[in-house]
Amino acid sequence: LLGPRTLVLDPAPAQRAIAELDLEHLLDRNPRDCSVGERERIAIAAALALDPQVLLLDEPTRGMDPGHRAALVTTICAHAARGGCAVLATHDLELGRACADRRWHLTDGVLAVGASA
C-alpha cells in the first residue's frame with residue numbers, strides 16, 4: 001500500500017493484489033521476516049499496486065506452493081483481462097501454458113519467436 005499512498009493513487013489495485021495473492025495476514029509483518037514465496041508475492045503485489053499496463057516478472061513462482069501458484073496464474077490472467085500485459089521470464093513451462101497467449105522459447109541459444117502458447 002506504500003506506493004499508492006506515496007503517489008496519492010487509488011488504493012484499489014493494491015487492495016485487489018493483496019486479496020488475490022493471499023497477503024492479508026502479512027500486512028503487519030516486515031517482508032524480510034517472510035518466506036521466499038511470501039516475499040515473491042509481496043513484490044508482485046507491490047508492482048500491481050501501481051496499476052501498471054505492463055507487468056514484468058522474472059521467475060515469479062519461486063518458492064510458491066501449488067495454491068499460491070494457482071492464485072498467481074489467476075492474478076496474471078485477470079491483469080490481462082483488464083487490458084494489461086504481463087511478460088514472464090520463467091523455466092516453469094506449465095505457468096507459461098496457463099497464462100500466456102504468446103510464447104518465446106529459448107533452447108541452446110536459439111529463440112523461437114512468437115510461438116503460440
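Predicted model: local features only at pLDDT ≥ 70, side-chain atom pairs only at ≥ 80, totals over all residues.
**Close-up 1. Nonpolar surface patch formed by W104, L106, L111 and V113.** Patches consist of residues with over 30% relative accessible area and no salt bridge, where nonpolar side chains (Val, Leu, Ile, Met, Phe, Trp, Tyr) are joined within 5 Å and like charges within 9 Å; a salt bridge is a side-chain nitrogen of Lys or Arg within 4 Å of a carboxyl oxygen of Asp or Glu. Two or more patch residues come from each of β3 (102-107) and β4 (110-116), strands being DSSP runs of E of at least two residues and helices runs of H or I of at least four, numbered from the N terminus. V113 lies in strand β4 and is exposed, at 63% relative accessible area (buried is under 20%, exposed over 50%, partly exposed in between; 1.4 Å probe, protein chains only).

**Close-up 2. Parallel pairing of strands β1 and β2.** Five bridges join β1 (residues 54-58) to β2 (residues 85-89); pairing requires at least two DSSP bridges between the strands. Helix α4 (residues 66-81) carries the chain from β1 to β2 in a right-handed β-α-β crossover, that is, clockwise from the first strand over the helix to the second when the strands point away from the viewer. Within the pair, L55 is opposite A86, and L56 has V87 as its bridge partner.

**Close-up 3. Cysteines C77 and C85.** The count of disulfides (cysteine sulfur pairs within 2.5 Å) is zero. C77 takes part in none, as the nearest cysteine sulfur, in C99, is 5.3 Å away. For C85, the closest cysteine sulfur is also that of C99, at 11 Å, which is too far for a bond. Both residues are partly exposed, C77 with a relative accessible area of 31% and C85 with 36%.

**Notes.** Residues are numbered from 1 along each chain as its sequence is written, and side-chain values use heavy atoms, leaving out hydrogens and water. Local features need pLDDT of at least 70 and side-chain atom pairs count only at pLDDT 80 or more, while totals for chains, interfaces and linings use all residues.

Definitions and conventions: Areas by Shrake-Rupley, 256 points an atom, 1.4 Å probe, with all protein chains shown as cover.
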